[in-house]
Amino acid sequence: YRLDDTELEAYETWIKASKVTPLSALNYIAEKDLKVSLSFSVDSQSWCASLTGKKDNRLNSGKTLTTWSDEPMDALVMAVFKAQTVFKDGSWATRKSSNRG
């Protein structure tokens with residue numbers, strides 16, 4: 001799921017309003033029973049943060065939500081924004097016709 005321009009602007013506003021930190025993002029991930037992975041792509045020179053629902057996660061078991069950024073902590077926090085705000089702590093779904101964000 002890639003964020004559109006409006007969602008990217010909402011992300012910037014959310015960061016400022018919620019004062020989210022990498023630690024609070026990790027706490028959210030733990031509370032929601034998710035696994036987190038950070039990896040760096042040499043090809044794209046960017047970081048990927050992946051959230052994966054654990055086996056007993058009732059909404060997202062086995063599903064993975066990814067986010068890319070130039071900075072690893074931005075990717076982590078943006079992944080939490082997607083899970084918490086875009087998907088409203090619900091089931092993750094793919095937008096059918098978008099290739100950016």
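## Terms and model

Buried means under 20% relative accessible area, exposed means over 50%, and partly exposed lies in between (1.4 Å probe, protein chains only). At 1% relative accessibility, alanine 25 counts as buried.

This is a predicted model: local features need pLDDT of at least 70, side-chain atom pairs count only at pLDDT 80 or more, and totals for chains, interfaces and linings use all residues. Residues are numbered from 1 along each chain as its sequence is written, and side-chain values use heavy atoms, with hydrogens and water left out.

Helices (H or I, at least four residues) and strands (E, at least two) are DSSP runs, numbered from the N terminus. Contact means heavy atoms within 4.5 Å.

## Helices H1 and H3

Two packed helices are described by the angle between their axes and the distance between the axes. Helix H1 covers residues 5-18, and helix H3 covers residues 72-86. Their axes come within 11 Å and cross at roughly 105°. Axes are lines fitted to C-alpha atoms, for helices over the stretch in contact, and angles run from 0 to 180 degrees between N-to-C directions. H1 and H3 are therefore roughly perpendicular to each other. Angles under 35 degrees count as roughly parallel, over 145 as roughly antiparallel, 65 to 115 as roughly perpendicular and the rest as oblique.

H1 brings Glu7, Leu8, Ala10, Tyr11, Trp14 and Ile15 to the contact. H3 brings Asp74, Val77, Met78, Val80, Phe81, Gln84, Thr85 and Val86. By class, the contact has ten nonpolar, two polar and two charged residues. Ala, Val, Leu, Ile, Met, Phe, Trp, Tyr, Cys and Pro count as nonpolar; Asp, Glu, Lys and Arg count as charged; the others, Gly among them, count as polar.

## The nonpolar core

A nonpolar core is a set of buried Ala, Val, Leu, Ile, Met, Phe, Trp, Tyr and Cys residues joined through side-chain atoms within 4.5 Å. The largest one here has 22 residues. Trp14, Ile29, Leu51 and Trp92 have the most contacts inside it. H1, helix H2 (22-31), strand E2 (46-53) and H3 each supply at least two residues of this core. The largest share, nine residues, comes from H3.

Valine 80 lies in H3. Valine 80 is buried, with a relative accessible area of 2%. Beyond its neighbours within four places in sequence, valine 80 contacts Trp14, Ala25, Tyr28, Ile29, Leu51 and Thr85. The C-alpha atoms of valine 80 and leucine 51 are separated by 8.3 Å, although these residues are 29 residues apart along the chain.

Ala25, Tyr28 and Ile29 are the buried residues of H2. They cover an arc of only 100° around the axis, which puts them on the same side of H2. The arc is that of the directions from the helix axis to the C-beta atoms. These buried residues pack against strand E1 (34-41), E2 and H3. The face turned away from them carries the exposed residues Leu23, Ala30 and Glu31.

Not counting residues up to four places away in sequence, alanine 25 touches Val20, Leu76, Val77 and Val80.

## Positive phi angles

Aspartate 33 sits in the loop between H2 and E1. Its phi is positive, about 60°, although it is not a glycine. Aspartate 33 is partly exposed, with a relative accessible area of 30%.

Lysine 88 is in the segment after H3. Its phi is near 50°, a positive value in a residue other than glycine. Lysine 88 is exposed, with a relative accessible area of 66%.
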